[in-house]
Amino acid sequence: MADLRELYQELILEHSKAPRNYRALTAADHKAEGYNPLCGDRFTVSVQMEGDSIQDIAFQGSGCAISKASASMMTQSVKGKTKQQAKELFERFHRTVTGNQNPDSADLGKLTVFAGVSEFPTRVKCATLAWHTLQAALEGKQEAVSTE
Amino acid sequence: MTKVLRMPSSPGKVALGEPPSGYDVERIRADFPILDVKAHGQTLVYLDNAATSQKPRTVIDAISRYYECDNANIHRGVHYLSELATAEFESARKTVQSFLNAARPEEIVFVRGATEAINLVAQTYGRSQVSTGDEVLITAMEHHSNIVPWQLLCDEKHARLEVAPVNEKGELLLSEFERLLSSRTKLVAIAHVSNALGTINPLAAVVEMAHRRKIPVLVDGAQAVPRMPVDVQNLGCDFYAFSGHKTYGPTGIGVLYGKSALLEAMPPYQGGGDMISSVTFEKTTYNRLPYKFEAGTPDIAGAVGLKAALDYLGDLGMENISSHESDLLEYATEAISTIPGVRLIGTAKEKTGVVSFVMEGIHPHDIGTVLDQEGIAVRTGHHCAQPLMDRFGVDATVRASFGVYNTKSEVEALIRGIQRVKEVFA
């Protein structure tokens, strides 16, 4: 039996209750909305770029503990990174939460706490919603991204 | 206090000599093999009956037996098996007719489910009767399957979809409903029982108001048929739709009941075999009712399984089932109401065994995951009723919905599960 504590790690619960960078970003030059129609999670991710680097990033919206904590910790992890670095980080994160990469070799930093999601396949979409939304924002897509 | 609406049941549908107090839930549980499954190592507590119900052994056996002994195509072969299969299929139709107390067997059309039944009416009755500037009236508590087919129709015909509002308890505002009936209203489409809230709609009043203006009424009965006695002649509605799989029968089969005069006047739905009486390249003559609406080889085994399910429910007695679920609802409502931080969504006076709730600061999806780890199956999300979620200002709810085999101890397991949720997210 998968352990609930593996999913709901302290750090995840803490971020879900007090999300970081949870605000409007008036200086944003990239923005996208992400939506999970199955559970109604909805987030807007706003990014301010400087050259090729993410200078500032913020998010707003509503969702479950996993999706909110993931959005919060994502904003911390990608700030200061280049587009390409953020993309690669998402790829490693995605492989980890889907059980396709050993978290020890994924170089995820704090994001390693999401490794437990791989035991809960129905929650992968929650963990990756903000990341998909960030990708859409960086690629300048106008349409809301959906996990479906 | 919540109480299930009692409607007069037709003769012959009351279980013999079994008062509600004699309802033997343990014996019923033994009829459902899946209840022995362990979920994450825990005893399964299946409280997702509004999504789909589990199947009794008699249904599973009827389907197997059909394929082992009777399988053939229907209405065409002259051979032995084809006669058997045809007889079984038509016998299933008669069972449905009697279960709904429809006047005639040809008023029962087999479809894939309630969704297809509603789409059938939208695409045939709707497309032939609704034109520019007309209106279709629904309610704010409809499932997407009783919203989107009408939106598609209204878009195509430049007609308007009107929506009757509900109050904060999740009850239809009848005066608002009546106000929205106009000379342009071509059809009323309304749930008998709300899937997300459990509200039982006041169909007698709805039908009376609509019929006074000569407007036909379609009822989405997907949540009502498994939970309470349904008598379409007594209701007086013009169309009634339900799904086999929510009624302890198989997936892939459902029913559209329609008054024969309406069905006769409607154009066909799909074209193909079985729905014709003669075909030339110049002209096709359509078959009589109900075959006009049953193009192609139907889900014969599904109909056989549905018959077994309705026979099973008939033996239990719909009054007894409704009384049993009403007891569970009352017990669950009282227990959940006393938990701090839990808010019930949908507190209609007339309600079936559905408990929808939200918890302060905890998302329904997280609640669902914690309950799942305890072996408790509930639905979390918008329940295909997003406009209704908007009405209550929530993105989603947790929904526990009861069935014939649920027990008070399972309600207690749910309550313990909710306490566990609070511990995890404390």
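The model is predicted.

Laid along its principal axes, the C-alpha atoms of chain A fill a box of roughly 45 × 30 × 25 Å. For 148 residues, a compact globule would have a radius of gyration near 15 Å, and the 14 Å found for chain A therefore agrees with that expectation. Of those 148 residues, 49% are buried. When contacts between residues at least 6 apart in the sequence of chain A are considered, 62% of them join residues at least 24 apart.

Chain B can be described in the same terms. Here the secondary structure amounts to 14 helices and 17 strands. The C-alpha trace of chain B spans about 75 × 55 × 35 Å along its principal axes. A compact globule of 426 residues would have a radius of gyration near 22 Å, and chain B, with 22 Å, agrees. Buried residues account for 51% of the 426 residues in chain B. Among the contacts in chain B with a separation of 6 or more, 71% link residues 24 or more positions apart.

Turning to the domains, the assignment for chain B gives domain 1 (20-48 + 317-424) and domain 2 (59-314). Taken over C-alpha atoms, the centres of domain 1 and domain 2 of chain B are separated by 28 Å. Their contact draws 22 residues from domain 1 of chain B and 21 residues from domain 2 of chain B. On the domain 1 side, the elements that contribute two or more residues are α11 (318-337), β14 (354-359) and α13 (386-391) of chain B. The largest share of this side, five residues, is supplied by α11(B). Sorted by class, the domain 1 side has nine nonpolar, seven polar and six charged residues.

Methods
Residues numbered from 1 in each chain as written. Chains lettered and ligands numbered in written order. Predicted model: local features only at pLDDT ≥ 70, side-chain atom pairs only at ≥ 80, totals over all residues. Helix = DSSP H or I, 4+ residues; strand = E, 2+ residues; numbered from the N terminus. Rg over C-alpha atoms; globule rule 2.2 N^0.38 Å. Buried ≥ 20, exposed ≤ 12 C-beta atoms within 10 Å, placed from the backbone. Contact = placed C-beta atoms within 7 Å. Domains from an automatic or database assignment. Nonpolar A, V, L, I, M, F, W, Y, C, P; charged D, E, K, R; others polar.
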